[in-house]
Amino acid sequence: MHTTRWLLVALVVVATLGSPGIGAAAAADESCSFPVTRTDATGTPVTIAEDPDEVVTLNPSAAQTMYEIDAWDEVVGVSSFADYLSGADEKTTVGSGTDDATVENTIALDPDLVLAPNTIADSGMVEQLRDAGLTVYLFEEAKDLEDIEEKTRLTGELVGHCESADERASEMTRQIEVVEDAVADVDRPDVFYLFFGFTAGSDTFIHEIIETAGGNNVAADRSGINANGASTSGFFLVNSEVVVETDPAWFVLNSDEYDTATVPAGPGGVYEGTTAYQEGNAVVLDANEISQPAPRIVRALVDLVRVLHPEAYDDEIEGRIDPGSLDGERRVTGERLADGSVTLQAANIGRERQVSFDLPARENATADVRRVNVSLSTINPTFDLRLRPGGTVTAPTSTRVLDTVALSGNGIYASDIDHLTLRFAVNESQLDGADPDTVRLYRSNGTGWTPLQTTRVAATNGTLVYEARTTNFSTLALTVDEPQSPESAPNATTTPPVTATATATATATAAPTPTEFRSATTEPPATPTDTPTPGSAPGFGSLVALVAILLAAAVGVRR
């Protein structure tokens, strides 16, 4: 395990121990009048004189909350691990949220308000920022779902978005009540949450997610399960042998650390003795949701109950939770972005292992992706894939590149995907006399190109439609063989090329390395981005838009 990863885990655990609960926030004034004064986690009355125009968020949960309460336009600075939010690349990245550079970068922005996580309470950062004349509000630890709802309303008060914050928090409450009703009478399996050797005991919002989803959190009350022999409250290092004694039926994993829904063997293979391991019962939850005390925590709740109690989900939850705010219904969409990339989003697909994305034709494109079929090897209820222009590449020998695409994604890793089937259209008039039967897709293998079996499946009105299958995330090149000149062609005829077959030699992208804990208030580790980031991708833009890479989450105050 990387030192950074351990450091971030430690930060989350230390911040959790002995930290006061968030407490009841004052009822939000719908008029959001200013000045407003609220006492923060340092015990300091923080007065905000007027509605802030520019806000810096030092952790991803605060950034997510601002996004969800329609205050995103006022955010001018974000921490490194808020990169998964749409438009985060247009904000100034102030740093990890825990380092000296963060202080310097935040001061340079001179914001009207700084929203800070409880995980930096003992770092001296708040004092440094206040000494520089900035207004800083340090959030207290969120220990349960009610704290998250109250924190959402409180954020609205601080930034002048009371009404939208109240609406978002009230919607969270309604959605949670729907889930609670659905699982009221279910048999509750024993569940164990694991991240970087730590778990979530009682008095944590992750504990409440497990219990609300109809599970029994074995870490909450089992004596000896804390490796330090202390309380089972908060986040703590686990005694793996005691975990085995509890024999959990399910393991809940965090995408910051795990990229597949497979029960880890554990130290010395100790977890192999559990029912969860023997039956392959594991689910990976998106770190951007499960690790952050912010409104999207409900998505993690719904993803978990869908796996633990699929019948309750189908009968009692699906259709009763508004997709407008939670995206609670199954959703598979594709969107072309202005930069020529394409974002493919799958939400709440449950245990389905086959997902298809259809895209409309793009005018005047040489090559254009029309469909991406994803065959999953693990359970990934919600994820994004991106197709981006792959840039200039050296063409495989004797070919001409029609277009390139780089695959990336968010909430999913290469190992989560068994294979991708890509269907794309080619404008025959753009082949410049080349043989249409020689159109082929290649995958970069790091040092060269691996040809993929490419089949023409249709031809209509000058549009040729091809299909190819690939694995892993990499750069792809759509090519056509250069026509031979009459001088070089034997007997003045062109010998048809032998159809190349994929050899599947491309290697999977390296697993993501965590960077820091993404959350603010006591957020357990989220991990960095492997390669992926929430996504966009080319619709085989000027290229054969194909499929996507991924993203992981950030540990600590990442993914």
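Here is a short tour of this predicted model, with something to select at each stop.

**Stop 1: the whole protein.** Start with everything shown and colour by secondary structure: the protein holds 12 helices and 25 strands. Of the 559 residues in the protein, 57% are buried.

**Stop 2: helix α2.** Next, select residues 60-68, which form helix α2. Is this helix enclosed or open to the outside? Eight of its nine residues are buried, so α2 is largely enclosed by the rest of the structure. To see them, show side chains for Pro60, Ser61, Ala62, Ala63, Gln64, Thr65, Met66 and Glu68, which are the buried residues of α2.

**Stop 3: helices α7 and α11.** Hide the rest and select residues 205-212 for α7 and residues 297-308 for α11. Two packed helices are described by the distance between their axes and the angle between them. Here the axes come within 9 Å and cross at roughly 40°, and the crossing is right-handed. Which residues make the contact? From α7, pick Phe205, Ile209, Ile210 and Thr212; from α11, pick Ile297, Leu301 and Leu304.

Definitions and conventions:
Residues numbered from 1 in each chain as written. Predicted model: local features only at pLDDT ≥ 70, side-chain atom pairs only at ≥ 80, totals over all residues. Heavy atoms only, no water. Axes fitted to C-alpha atoms, helices over the stretch in contact; angles between N-to-C directions. Helix = DSSP H or I, 4+ residues; strand = E, 2+ residues; numbered from the N terminus. Left-handed = near helix turned anticlockwise from the far one by under 90°. Contact = heavy atoms within 4.5 Å. Buried < 20%, exposed > 50% of the residue type's maximum accessible area, 1.4 Å probe, protein only.
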